[in-house]
Amino acid sequence: MNSPSAPPWVPARARIVRQLLTESIVLSITCGVLASSLATPAVRALLAVSPAGLPRVGENGAAVGLDWRIFLFTLGISLFTGILFGLFPPSQPRVSTSTPPSRKQQPLRHRLPPEQNAFSPRHRRSLPRPRSPHRAALLIRTFIALRQVNPGFDPRNVLTLEMSLTGDQFKKTAGVAQVSHDGRERLNAIPGVEISAFTCCLPLEGGYGLPFNIIGRPPAPKSPWTGSGGWMSASPRLLRRLPHPHPAWPRLHRAGHRLVPSVVLINETFGKKFFPKENPVGQQLLIGKGVGPQFTEAARQIVGVVGDIRDGGLNNDPRPLMIVPGSQVTDGMTALNSNIGPMVWLVRTHGDPHPYISAVTSQLRQSSGGFPVARVRPMTQVVGNSTAREDFNMLLLTIFGACALILAAIGIYGLMAYSVQQRTQEMGIRMALGADRSRIRSLVVWHGMRLAIVGVVIGIAAAFGLTRFIASLLFGVKTWDPAVFVTVPIILGLVALLAVWMPATRASRLDPQQALRIE
């Protein structure tokens, strides 16, 4: 039984509170269960487009699934959200419908200015969240910048293949050089093949690094070497296909399978770093001295400078690189290479390389004595794989940014539609007193855009501080890129305007007589 001193409206208010709370909890739990049910197919879809080599995902994503702890956490958050927002509306001051409310009795949303109103729990979700769109836009700019990078070679119509040579004869440079020579002779005889070559390291997939000394120059301070750089071996045909800035390409004479004397090519980055004010051609390098007995060799003469190759990926600047002819590699280095990685074949064709795969693999097996060929890929795929992780990150943040944009638009639309409904009588009175429809529409649009502008300004300020956390994911673009910080707010503003315009148009079409009759 109710207390005699209790106001007569308490039981009805309690029933309303229970009803609102029940509706809110049921809606929140339903949304949580629905979101959890969509989690597994969404993860599978992301794994389908994810790059190879993601850690801890297992084979074909077998180690990734719906964790019961995450499921319970999601339901708990849904329940908490339902209780919080179910109790918030009844906590607002009770307003009598028989007399106009005083300022003290006015609902909270009418008393707060737009800046404070934007932070109320009911309206907070109506503000755009530009931080994810800003990050997504920066990664999109990175995606575009990576596509404009020159890798240092033409990847079109090039087929790459790998072959592991095992056996004592292939621990000697002469054995590997013989396979290389026979293989290239067979490949070049295939109709449609323009050129073939072999190397130890495929561009864009990294390689070896070795220290060196420049003959006649003292070593660097606190180091036994002058410097260090990348190292790779390659066949003469590959050397001639590399871009080079000097028209007078040095002619390399062969004696059997070995070039005389010992020579080395360097790239432009090497020349700019270690020979900034002199011609590097004719200088001598002693490579790998003191690293181990496998690297012991005579000094090599620099005979040319080739263009830079992005050997560490499109998103990494070219490093100083030394290129030696494959037939001049020491036996110790050849034995070491055979234990570390396979040799790589590159075959350039006159058209699409895929139809040549069968003929190329057959000729390579015959020339090598039956060794299998693995990882047959077009060079365009290698280029794409080098930026696959960056592309995946861009896709993820683009999805998150699009979701944030859609939620912001839905929130603004819902808030303004609710506001128009609550202010129907007010708008009817304004129209009855002479306000035209365009003025009513402008009133609603300005009310909604004030909230959107506040959200955009807060988001820009937050983005300036938070984008530094994705600096390692960016390439060719600054974290404060002007194009991004101008374009994203404009897009957010246009989306907000569209979300506000529909309730504003509906408000401008109200019939004043019908609006005044609404309780």
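Analyst: Let's start with asparagine 316, which counts as partly exposed because its relative accessibility is 37% (buried is under 20% relative accessible area, exposed over 50%, partly exposed in between, with a 1.4 Å probe and protein chains only). This is a predicted model, so local features need pLDDT of at least 70 and side-chain atom pairs pLDDT 80 or more, while totals for chains, interfaces and linings use all residues. Residues are numbered from 1 along each chain as its sequence is written, and side-chain values use heavy atoms, leaving out hydrogens and water.

Asparagine 316 sits in the loop between β9 (300-306) and β10 (321-325) (strands are DSSP E runs of at least two residues, helices H or I runs of at least four, numbered from the N terminus). Skip its neighbours within four places in sequence, and asparagine 316 is in contact with Arg310 and Phe475 (contact means heavy atoms within 4.5 Å). Phenylalanine 475 is 159 residues away along the chain, yet the two C-alpha atoms are separated by 8.5 Å.

Zooming out, the 519-residue protein chain is 41% buried by residue count and holds 16 helices and 12 strands. Of its contacts between residues at least 6 apart in sequence, 80% join residues at least 24 apart.

Now the helices. The axes of α12 (residues 388-422) and α15 (residues 482-508) come within 9 Å and cross at roughly 25° (axes are lines fitted to C-alpha atoms over the stretch in contact, and angles run from 0 to 180 degrees between N-to-C directions). That angle makes α12 roughly parallel to α15 (under 35 degrees; over 145 is roughly antiparallel, 65 to 115 roughly perpendicular and the rest oblique). Residues meeting there include Leu405, Ala409 and Tyr413 from α12, and Ile491, Val495 and Arg506 from α15. By class, that contact has 16 nonpolar, no polar and 1 charged residues (Ala, Val, Leu, Ile, Met, Phe, Trp, Tyr, Cys and Pro are nonpolar, Asp, Glu, Lys and Arg charged, the others polar).

The axis of α12 also comes within 11 Å of that of α14 (residues 437-466), crossing at roughly 140°, which means α12 is oblique to α14. Here Ile412, Leu415, Met416, Ser419 and Val420 of α12 meet Val444, His447, Gly448, Leu451 and Ala452 of α14. That contact divides into 7 nonpolar, 3 polar and no charged residues.
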